[in-house]
Amino acid sequence: NALDTAPEYGDSEDVIGNALAELGLSDKFQIITKIPKGPENTDPEKFIEDSLQKSLKRLKTEIISGALIHVEQDCIYLDILKDMKTKGLILNAGISLNTLAYKDDGAEADCLQIPCSLLDHRFAHCFNHNDRHCFIRGAYLQGMLLMDESRVFVKEILPVRRKLEALGLPMTELALRYGFKKFTFPRRTNEDTPISICMQVELEPTTLRDTHFAGDVVIYDQER
């Protein structure tokens, strides 16, 4: 029940805010938005607060479930973003990660958005924190698990993709099942009892051993 948006996504925040208000569903969804990269020589605290105030207005809500630093290089401002919780603007503060260069900068974040797919395990360590929300993107590896082979721009994945396809499960289902298996998030029945909810999918490790599905080898490196 989480919706991901950002000021940079066109009029996404307006559309979400209007739709949820018209349908009476504003209290049924968690909204995750982003803090865009600020202009040079700006006061980061003022910029972040102003950005959140504008998002609140567009989303037609009094508080935002989560806000992420959209450009990972700006993770130095995470503490400022976390201060916005005390101002009652957001419930959680985090970072949207893209590269391994910043993989450790989310250690103090309440939530992270990370790439994760059958063939991209770079941020697997991020799932090992029970009290942190992880939002995954890139389940289809920027479309390369689904598009025609002639359009795949990292040709090294093709032999592995063919082995996955030979398992007989639709790639759309296989990729999403893997994502739901990895994507666990805490829900609380009371203050002391975090419960992880995830869709289970079990595959014998030997089935995909040659594809590095269960190994430590990263097939796809976004830096390439």
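Here is a short exchange about the strands and helices of this predicted model.

Reader: What should I keep in mind about the numbering and the values?
Author: Residues are numbered from 1 along each chain as its sequence is written, and side-chain values use heavy atoms, with hydrogens and water left out. In this predicted model, local features need pLDDT of at least 70, side-chain atom pairs count only at pLDDT 80 or more, and totals for chains, interfaces and linings use all residues.

Reader: What makes strand 4 mostly covered?
Author: Buried means under 20% relative accessible area, exposed over 50% and partly exposed in between (1.4 Å probe, protein chains only). In strand 4, residues 90–96, six of the seven residues are buried. Strands are DSSP runs of E with at least two residues, helices runs of H or I with at least four, numbered from the N terminus.

Reader: Why are strand 3 and strand 4 said to pair?
Author: Pairing takes at least two DSSP bridges between two strands; strand 3 (residues 64–69) and strand 4 have five, in the parallel sense, so they pair. A67 stands opposite A93 in strand 4.

Reader: And what about strand 4 and strand 5?
Author: Those two pair in the parallel sense over three bridges, with strand 5 spanning residues 111–115. Here S96 stands opposite Q113.

Reader: Why is helix 1 called oblique to helix 2?
Author: Angles under 35 degrees count as roughly parallel, over 145 as roughly antiparallel, 65 to 115 as roughly perpendicular and the rest as oblique. The axes of helix 1 (residues 12–23) and helix 2 (residues 44–59) cross at roughly 45 degrees, so helix 1 is oblique to helix 2. Axes are lines fitted to C-alpha atoms, for helices over the stretch in contact, with angles from 0 to 180 degrees between N-to-C directions.
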